[in-house]
There are 2 protein chains.
Amino acid sequence: MRAETSQPLSLNNVRVTDPFWAREIGLIRQAVIPYQWKALHDQIPDAAPSWWAHNMRAAARAVAAKKAGGVYVPTHRSERIETLPEEGKKPLEDAFYGFVFQDSDGYKWLEAVAYQLMIKPDPVLQAQAQEAVDMICAAQEEDGYLDTFYTLTGRDRAFTNLRDNHELYCFGHLTEAAVAWHQATGRDDLLNAARRFAACIAERFGPDKERGCPGHEIAEMALMRLYEETGETRWRDLSQFFLDVRGTEPNTFAVEENRRRAEKGQPELPTTSERYQYHQAHMPVREMKEAVGHAVRQMYLCCGMADEARLNDDPEMLAACERLWQSVVNEKLYITGGVGGTHVGEAFSRPFDLPADTAYSETCAAIGLAFFARRMLQLKPLSDYADVMEQALYNTVLSGMALDGQSFFYVNPLEVDPDACETDQRLSHVKPIRQKWFGCACCPPNIARIVSSLGQYIFTQTQDTLFFHLYIGSDVTVNLNGGKVTLRMEADLLKNGDVHVTVLEGEAQGTLAFRDPAWAGNAHVKIPAGVKSWSENGYLYAKGVWKQGGQVTIHFTMPVKAVKASPLVKEAMNQVCFTRGPLVFCAEEADNGKRLHLLRALPDRVAEAREKTVIIDGLTLPAVILPGRRVKEPAKNAPLYTPWTPAETEDTEMTLIPYFAWNNRGKGEMRVWLAAE
Amino acid sequence: MRAETSQPLSLNNVRVTDPFWAREIGLIRQAVIPYQWKALHDQIPDAAPSWWAHNMRAAARAVAAKKAGGVYVPTHRSERIETLPEEGKKPLEDAFYGFVFQDSDGYKWLEAVAYQLMIKPDPVLQAQAQEAVDMICAAQEEDGYLDTFYTLTGRDRAFTNLRDNHELYCFGHLTEAAVAWHQATGRDDLLNAARRFAACIAERFGPDKERGCPGHEIAEMALMRLYEETGETRWRDLSQFFLDVRGTEPNTFAVEENRRRAEKGQPELPTTSERYQYHQAHMPVREMKEAVGHAVRQMYLCCGMADEARLNDDPEMLAACERLWQSVVNEKLYITGGVGGTHVGEAFSRPFDLPADTAYSETCAAIGLAFFARRMLQLKPLSDYADVMEQALYNTVLSGMALDGQSFFYVNPLEVDPDACETDQRLSHVKPIRQKWFGCACCPPNIARIVSSLGQYIFTQTQDTLFFHLYIGSDVTVNLNGGKVTLRMEADLLKNGDVHVTVLEGEAQGTLAFRDPAWAGNAHVKIPAGVKSWSENGYLYAKGVWKQGGQVTIHFTMPVKAVKASPLVKEAMNQVCFTRGPLVFCAEEADNGKRLHLLRALPDRVAEAREKTVIIDGLTLPAVILPGRRVKEPAKNAPLYTPWTPAETEDTEMTLIPYFAWNNRGKGEMRVWLAAE
């Protein structure tokens, strides 16, 4: 199997030129990264402090004190998931503040910066990143341990609560950043920090050592990446250990909890696994059939599993990945590419429970789904994987950030009534406007890292084949069967489905594989004479010699489509959603007035859709105008219940805009699913 | 105004003979009252203890100790809303346990018993009730104070937390019971206890004394009832004080909270009213326009306001009542006669927010609505009030109790999927089966008291006129203009709309007023020759001499109706509900299989409805068979989203049963609103 798997390209070899996405990547560099740097240093007025720099510096002082031969005695201990300064008092210099996983904020920032440096060198930005790297390295303890929460609140308790306290999660993000930083700069300072922390972890956990696994997954895929970067097989093996110990009995989370309970004289709890659904530790991963629990964690676990399947050539693990994939896409996926139907536990809900207004659909979970999809594509080039990856990227991932890069959604509902969100505690997780920064700020830096590394989602390659998974305009340099070519892909899916690929320079013999997207009506393809082509698993393969001037032209028709959900999705019964290409459209109050639930779409007349553009926040975006009806508003004090008559409606035109662009014109209602007449 | 208002009749003068309702009243006597007596004494296995008898006895010992000249020092103090014995330890003999309002459980039981004794004497039951009365009187302190929570946990703190600690609520229920007991038995033991407690309260609160009002309303209407029973105007005045101080500034709940905060050295909070919506203390009651906050409290407040409007001939208060009534029935009423759209605060939600599956619709709130409606009818005989009273009684109130009287719903949803309720924390308040007893057991004894006193809802009278508000078969003896007649009303709305009224004996000159229900198709009326008739405000008035053998016959047609909600009710958009007479029907899994959301009703074909009967738990009930369609189930692993096509459906027949009878055939899905084709 391994021989056939594909790899993402180095970001040094992909330059995104797409009119829309190049702007997004630039926005991350110009707006998001500087903003987040300030956030890490608690310099954003009116935003919750991150405490990242504070914690790193405090930990570095503690570590220095220990190295100087002293004993560091924490001034305070904390078992809380979030620690804040006492009300009305100044923060203590040597105290840990914020969430236990706060270190990861800076790691994610650093990873995004590394990708940006690969795209375009920037000595000033690199110097800033180096400052962060140095801060991190200074906070590492002599034995490699690196987690400011435990360094500052009691190192003796490190690794005693893997379920809740996220040190393996922080390790994972550190490692992701370290590999990216190494690839971007060639520097091994952070990579060595990651390896030393990994060694410290491996010292304690593993076969014939202590059993344990991450409460919030990510270390699994990070260790696989560390293995791929360094060739050191022990990291792959540790990742596999974490995967395979998970959900076996006695459950490691129960065992560690019982250890903590014993210290307090509390009675033992059962050590069976069934109550650990939230953590995906309710059964061995190889037996899993249904995506459950915290959605981000489930997606990150799937990434680790897919990496393991690929790097260990493990068909059993691949089968588990495929089952979980089917569970997500057939039963638990929002049409916006989001996952997580319930805010209770930020989690997957029951199959087909996909409420629009109370949706969780966390930005990070959609990012995790895109990570998973890319990994499945590496294992098997099926266009289904790329379709879902694209659906997540163009809709929920983008929706997570304002068009100006200054504010963010954590939760991405498919229906919003601001009055309801602001007064109804049942909707307290749904914000009607994007927020500046969160105390738990996982989403903004996660958007920064995936958008900055977009080149690794557009293409993957094998020795022979370059896969075009996404049609995002880019220049790409690739080595196929020993020959090197530079290709230019011109595309702009926000406008149309035209794709031009031209060989700019070089020559190689090999295959280009172009995805046939599920959204495409028809595809008209022109390939050079002498190139052999065939279709397989939703990709058009074109094999031949590629040299300067060689061209492939594809015209995908991109009609506006009316889409319905399975009748098992109770919440979407008799409702319709409109899409065009990868974009899901929505109705906003700004275009359609209040009480959007009174709109009636006419799916049978979707062919009458007219395309137009709208300018939002200076950006020209596609919009769609559709014939529709609107149920007449009842008179004031009309009776609440009346004998049945068909609803009185009047003709109207509905203007729909891309879902990702909603809420960039002030607060207002929004709906993705519209009642169908 | 006062001269025109009507009064309920004494239960000594109404004997319910209706085939359905006489059974319900008997069920209360034979099943519910004995069961609750055991519950009050913690003798129901596997049910949460009530602690009522325990607390009363412990308080009586404390009171006796004080009277014997000792000083009672509470062994423990509690500020909690619910106090339970320490885990694994035996309850302390002298401790208060349960909710702070636990005394009210016994008062409600006693009130129901008193009504039952008026319907039919029963020396054994009366002796049991006397035992309860004696227990209560023994727990009363020398100054009249009577609340076991404070007697047992610290009398010095009595009246310091009217907002949360329910002592005025317990007083209200004591007084309701005392008046009923006095009317049933002529005994003034409990009435005197209520008057002494009332005097103790009046000693502390009133104009020129301390400002304060009940956190959970009921004292307002109870004091009015005490005034009506005793003629002592001070109780009416205290009630009016409680009504008029409510929501004025400085807000009394804020003031008392600041007093408690000051004791703990905490800073003062603002004393404005806006944050007291939950308690209906956010503005003066005379200014209120919208029903808000805890639904039972809002309904009980409305009852007190309506009593005040009637007994003080107060048009301003009447106008406020009318506004609140409109707010409920035009914007916040479930079709089942339930109120309370949200479990957050057991409260009214926004106008038109009436979700079916997450509904709260507490049984007690529907009971409160019936109380309010009866009081509005007393003020003005408009059939609208009686329509809503009937809607609440026949649907949500009855739904609150199983057909065998052994289990109860607190929450009455309009759509249930048991799998969802049992696994989804967002639905944790919705129980898919009725429960035996609750720790907070307000609903079962509240059902007992309203059903036992049903005769006071069927009729009210003025000097000249007997109003027939409900068509529930009964024999009634009434004095009109000095003449006394006994009338027999034969009716059985569960079967049909035929009403026969016959004068059994006596003679009187006066008016009989028959409601023309909103559900009736046509009414065919036969009245004796020489009787003058006219219609007004939804009542048919028949004025003349009524003597033995005189007859009125009314045939209301009672077709099955298809009903829709206002388009502003988002949750009921494109859905239809079927009703017949006062009954709302629902689809249950037992008749229609799983996945009820796949059913499509055909409201245009409602004329094809066929009536049949079903036997549930030995009771013959009406059912309706309707043509419908069912959306075909998709294949396993079918795609979640597909291009729009009209849903594939197949013909089916739907069997609907009365909503109140749902969940008497085991656990299963249920829906009131059905998708309309």
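A crossing of two helices is called left-handed if the near helix is turned anticlockwise from the far one by less than a right angle, and right-handed if clockwise. Keep that in mind for the helix pairs below. What you have here is a predicted model, where local features need pLDDT of at least 70, side-chain atom pairs count only at pLDDT 80 or more, and totals for chains, interfaces and linings use all residues. Residues are numbered from 1 along each chain as its sequence is written, while chains are lettered from A and ligands numbered from 1 in the order in which they are written.

Let's start in chain B with α6 (167-185) and α8 (219-230); helices (H or I, at least four residues) and strands (E, at least two) are DSSP runs, numbered from the N terminus. The crossing of these two is left-handed. Their axes come within 8 Å and cross at roughly 30°, with axes being lines fitted to C-alpha atoms, for helices over the stretch in contact, and angles running from 0 to 180 degrees between N-to-C directions. That makes α6(B) roughly parallel to α8(B), since angles under 35 degrees count as roughly parallel, over 145 as roughly antiparallel, 65 to 115 as roughly perpendicular and the rest as oblique. Among the residues making the contact are F171(B) and V179(B) from α6(B), and L223(B) and L226(B) from α8(B); contact requires C-beta atoms, placed from the backbone, to lie within 7 Å.

Now look at α2 (52-67) and α4 (123-138) of chain B, which pack at about 45° with their axes 8 Å apart. That makes α2(B) oblique to α4(B). Here, too, the crossing is left-handed. On the α2(B) side you'll find A53(B), M56(B), R57(B), A60(B) and V63(B), and α4(B) brings M135(B), I136(B) and A138(B).

Over to the chain contact, which takes 41 residues from chain B and 41 residues from chain A. The largest share of chain B's side, five residues, comes from β15(B). That strand pairs with β21 (641-643) of chain A, antiparallel, over three bridges; DSSP has to find at least two bridges for strands to pair. In this pairing, P643(A) stands opposite V563(B).

Last stop: G212(A), in the loop between α7 (189-204) and α8 (219-230) of chain A. Why is G212(A) buried? It has 23 other C-beta atoms within 10 Å, and 20 or more make a residue buried, 12 or fewer exposed, and anything in between partly exposed, with C-beta atoms placed from the backbone. Beyond four places away in sequence, G212(A) touches L162(A), F205(A), T252(A) and E256(A).

Note on methods:
Contact = placed C-beta atoms within 7 Å.
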